[in-house]
Amino acid sequence: MKKLLIAIVVPLLWSCTTNNATKNEGASQDHLIMATIWYQNAPEMKALYHQGFNLAKANLELAIKEKRTLPAAVVVDIDETMVDNSPFEAEEIIRNQPYTSEFWKEWTSKARAKALPGAVEFSQFCKEKEVQLFYISNRKVDELAATIKNLDSLGFAYAMESNVILRSAESSKKARRDTLSKSFDIVLLIGDNLNDFSELFEDRGNDWGASLVESNKEEFGRKFIILPNPMYGDWEKDLYGKETLTEQQKDSVRRSVLVGF
Ligand SMILES: [Mg+2]
């Protein structure tokens, strides 16, 4: 009986695997494997999040002692800043399926992302200090209900419509920060992408934004708290440019920018 089962199941599994591979042939997302494994498992990743949020707490305590005309507020990004979407990256690898907004929404609609280390505690710290925390994210407005549900289920403070500001128009967060700045003094920004901090970083020039980071180095660890995301980000735009490339072309580009000895 066991032999019979193996004889039936193994070829079946083999045909499923082959069909999947054929279906998504050439769409391999294997370049994401190490970054995703690091993000999901490395204790160094967890330590970096704690380091970022510990620094954020210390800086906020100092900032609220200063006199200001408008009330202080904190701005945080959501994805890979407060919640962990690495299961989506893993699913891209498993299915050999690159990012599309439909695929992304399949994930966010589940409202199952987990909190990143130190993130919930930081949001609660802001609440204790009576400092408003705003989530400015490039999730689209039609993801609002699922996003609030997800944040709320994890115990995040300020998981409410007034404080979760998603993308209704352009991806730049400048206009949304400017609107907030009319009523609040934004004393701290936390994100995994330079564009979470300032429009200064939107045009990164010819050196992947290296000189922009250098000329703003005093802000990092102070007003700007940057968290790690090796899986994706605006930094990739400098890699692929504006052209639509096949997965194979992208692979060639990735190899072409490597600097060896
Ligand atoms: Mg992010």
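Thr 147 sits in helix α7, residues 144-153; helices here are DSSP runs of H or I of at least four residues, strands are runs of E of at least two, and both are numbered from the N terminus. This is a predicted model, where local features need pLDDT of at least 70 and side-chain atom pairs count only at pLDDT 80 or more, while totals for chains, interfaces and linings use all residues. Residues are numbered from 1 along each chain as its sequence is written, and side-chain values use heavy atoms, with hydrogens and water left out.

Is Thr 147 buried or exposed? Thr 147 is buried, at a relative accessible area of 1%; buried means under 20%, exposed over 50%, partly exposed in between, with a 1.4 Å probe and protein chains only. Beyond its neighbours within four places in sequence, Thr 147 has contacts with Ile 78, Arg 139, Val 164 and Leu 166, a contact being heavy atoms within 4.5 Å.

Now the sheet. Its 5 strands run in the order β5-β4-β1-β6-β7, open and parallel; two strands pair if DSSP finds at least two bridges between them. β5 (164-167) and β7 (224-226) are at the edges with a single partner strand each, so one side of each has no neighbour in the sheet.

β1 (residues 72-76) and β4 (residues 132-140) pair in parallel over 4 bridges, and Ala 73 has Gln 132 in β4 as its bridge partner. β4 also pairs with β5, in the parallel sense, over 3 bridges. Tyr 135 stands opposite Val 164 in β5.
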